[in-house]
Amino acid sequence: MIVICSEEELQKDWPKLITMKEKGYPIKNAKFYVKYINNEPVGHTCYKNMGDWNFIGNSYIKKEFRGQGIHNELMEKRNDDLTWNKPKIAILIPIENSNLDRLEELMFKRHYIKINKFLDVYRTMSFFDYIKFRKYNMWKLEG
């Protein structure tokens with residue numbers, strides 16, 4: 001079962017949840033898509049409508065549930081719900097010894113383009129947003 005909730009609601013069921021703030025994301029108040037198995041949250045991903053674009057990311061699957069397609073299931077559900085035609089911007093912040101090269105390879109396979117300069121996003125986000133996020137490992141997928 002997949003449930004949509006706030007981070008605060010998710011923390012009630014997942015007390016050891018590493019929050020977006022703890023991970024270092026510059027985003028608040030995202031909507032979380034959470035996979036439950038036997039009434040236990042086992043993975044999540046999220047998004048936030050940023051106006052002209054959608055922030056997506058902050059995904060995590062508990063180690064014992066990885067390799068079962070849960071991440072893809074969560075992403076498909078989230079992306080199906082993002083019906084408006086807006087670009088998606090992802091910020092990669094690996095934790096728990098996640099391999100950044102592997103994460104970047106997955107983004108490339110999903111047709112995301114790495115953002116290296118403002119010209120890569122000038123039609124998507126404001127210069128102010130770009131300045132705010134440019135220190136992060138950002139990827140873009142057109143809507």
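Mentor: Let's start with the cut-off we need: a disulfide is a pair of cysteine sulfur atoms within 2.5 Å. Keep in mind that this is a predicted model. Now take cysteine 46. Its closest cysteine sulfur belongs to cysteine 5 and sits 10 Å away, so that's too far for a bond. How about burial? Cysteine 46 has a relative accessible area of 0%, so it is buried. Cysteine 5 comes out at 11% relative accessibility, so it counts as buried too.

Next, the empty space. Rolling a probe the size of a water molecule over the atoms shows where such space is left. The largest pocket has a volume of about 810 Å³. Its lining takes in 33 residues, and Ser59, His71, Arg102, Leu103 and Leu106 are the ones nearest its centre. Four elements, β4 (54-61), α3 (70-81), β5 (88-92) and α4 (100-109), each bring at least two residues to that lining. β4 gives the most, with six residues. Sort the lining of this largest pocket by class and you get 17 nonpolar, ten polar and six charged residues.

The second largest pocket has a volume of about 230 Å³. Among the residues lining the second largest pocket are Ser6, Glu7 and Glu8, along with Thr19, Met20 and Lys21, and also Tyr25 and Pro26. Here α1 (7-13) and α2 (20-23) each supply at least two lining residues. By class, the lining of the second largest pocket splits into five nonpolar, three polar and four charged residues.

One more stop: threonine 124. You'll find it in the loop between β6 (113-114) and α5 (127-133). Its relative accessible area is 5%, so threonine 124 is buried. Leaving out residues up to four places away in sequence, threonine 124 touches Asp52, Trp53, Pro87, Ile89, Lys140 and Glu142.

How values were computed
Residues numbered from 1 in each chain as written. Predicted model: local features only at pLDDT ≥ 70, side-chain atom pairs only at ≥ 80, totals over all residues. Heavy atoms only, no water. Buried < 20%, exposed > 50% of the residue type's maximum accessible area, 1.4 Å probe, protein only. Contact = heavy atoms within 4.5 Å. 1 Å grid on protein atoms, 1.4 Å probe; cavity = no way out; pocket = protein on both sides within 12 Å on 5 of 7 lines; lining within 4 Å. Points joined across faces, edges and corners; volume = space filled by probe spheres on them. Nonpolar A, V, L, I, M, F, W, Y, C, P; charged D, E, K, R; others polar.
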